[in-house]
Amino acid sequence: MYPYYGFGYGYGYGSGYTVYAVLMVVCFAFSLWAQASVNSAFRRFSSVATRRGLTGRQAAECVLRANGVGGIRFARIAGNLTDNFNPKTGVISLSNGVYDSTSVASVGVAAHEAGHAVQHAVGYGPIRLRMAIIPVCSFGSRLSWPLLAIGLLAGITPLVGLGVAFFALSTLFQLVTLPVELDASHRALKALKEGGLLTESELPMARKTLTAAAMTYLAALATSLVQLLRLLAIYGNRRGNRRG
């Protein structure tokens, strides 16, 4: 969570600031809950072995084959839940706790990453949009807070507006990311079910793991939206005071 202390000074203490503070606390609590939920779900279902005995990598390969996607390589990566797909290199990186594991959680996570590979292969619109805006969003995210701080401290309203615009780019990225992640999970669960990779009793466990992971993206979007609304209010107040 980005700190908001100081940015409200002189520009909206009172009911508006109180509402913002409450919303930020709610978003922060939601973020903590979401992260705890995904960690808890992964630990819980990591102890449940799949009946078919497929490893995470094997499950991901099955999802790719079911969708006619080839040319994807696999690699191990350190860390916990650091699994990802890199479309530039065509590599699905699976963490040590997923790569060789035969647990329901590992199969679900690996299948989700394979779902991203399928998205790129079929030209799924939202993921193409996300890839296109990554450079500008990354640039804007790095500059937004320095510009806001300088603009507020120096009293340069246009600079504040530019900082808000750059921050809006990071919010846009979060907004586009959410449907991408939800769709990857949908593709994964569909392939796991239709391919018989998980049983009827195992599928809900994988779904719970992926749903918990999706909540972290929803929490990030909610936090970013609340911050953006506050920054827009600050910018609007400054413009109003300048005209007055």
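Which residues does Thr223 touch, not counting residues up to four places away in sequence? In this predicted model, Thr223 touches Met24, Cys27 and Ser31 when those sequence neighbours are set aside.

**Thr223 and Cys27**

- Thr223 is found in helix α7, which covers residues 203–243, and its relative accessible area of 10% falls under the 20% limit, so Thr223 counts as buried.
- Cys27, one of the residues that Thr223 touches, is itself buried, with a relative accessible area of 7%.
- The count of disulfides in the model comes to zero; Cys27 is accordingly in no disulfide, and the nearest cysteine sulfur, that of Cys137, is 20 Å away.

**Ser170 in helix α6**

- Ser170 lies in helix α6 and is buried, with a relative accessible area of 15%.
- A polar atom of the Ser170 side chain lies 2.6 Å from the backbone oxygen of Phe167.
- Leaving aside neighbours within four places in sequence, Ser170 is in contact with Ser141 and Ser224.

- For Cys62 the relative accessibility is 17%, and because the limit for a buried residue is under 20%, Cys62 counts as buried.
- Just after α2, Gly68 takes a positive phi of about 65°.

**The largest pocket**

- The largest pocket holds about 590 Å³ of space, and of the 26 residues that line this pocket, the closest to its centre are Asp83, His112, Glu113, Glu181 and Tyr217.
- At least two residues of the lining come from each of α1 (15–45), β2 (84–86), α4, α5 (125–154), α6 and α7.
- Helix α7, where Thr223 is also found, gives the most to the lining of the largest pocket, with six residues.
- Sorted by class, the lining of the largest pocket has eleven nonpolar, ten polar and five charged residues.

Definitions and conventions:
Residues are numbered from 1 along each chain as its sequence is written. This is a predicted model: local features need pLDDT of at least 70, side-chain atom pairs count only at pLDDT 80 or more; totals for chains, interfaces and linings use all residues. Side-chain values use heavy atoms; hydrogens and water are left out. Helices (H or I, at least four residues) and strands (E, at least two) are DSSP runs, numbered from the N terminus. Buried means under 20% relative accessible area, exposed over 50%, partly exposed in between (1.4 Å probe, protein chains only). A polar contact is a pair of N or O atoms within 3.5 Å; within protein, one must be able to donate a hydrogen and the other to accept it, and residues adjacent in sequence count only if both atoms are side-chain atoms. Contact means heavy atoms within 4.5 Å. A disulfide is a pair of cysteine sulfur atoms within 2.5 Å. On a 1 Å grid over the protein atoms alone, a cavity is a set of points where a 1.4 Å probe fits but cannot get out, and a pocket is an open set with protein on both sides within 12 Å along at least five of seven lines; lining residues have an atom within 4 Å of a point. Grid points are joined across faces, edges and corners, and a volume is the space filled by probe spheres set on the points. Ala, Val, Leu, Ile, Met, Phe, Trp, Tyr, Cys and Pro count as nonpolar, Asp, Glu, Lys and Arg as charged, and the others, Gly among them, as polar.
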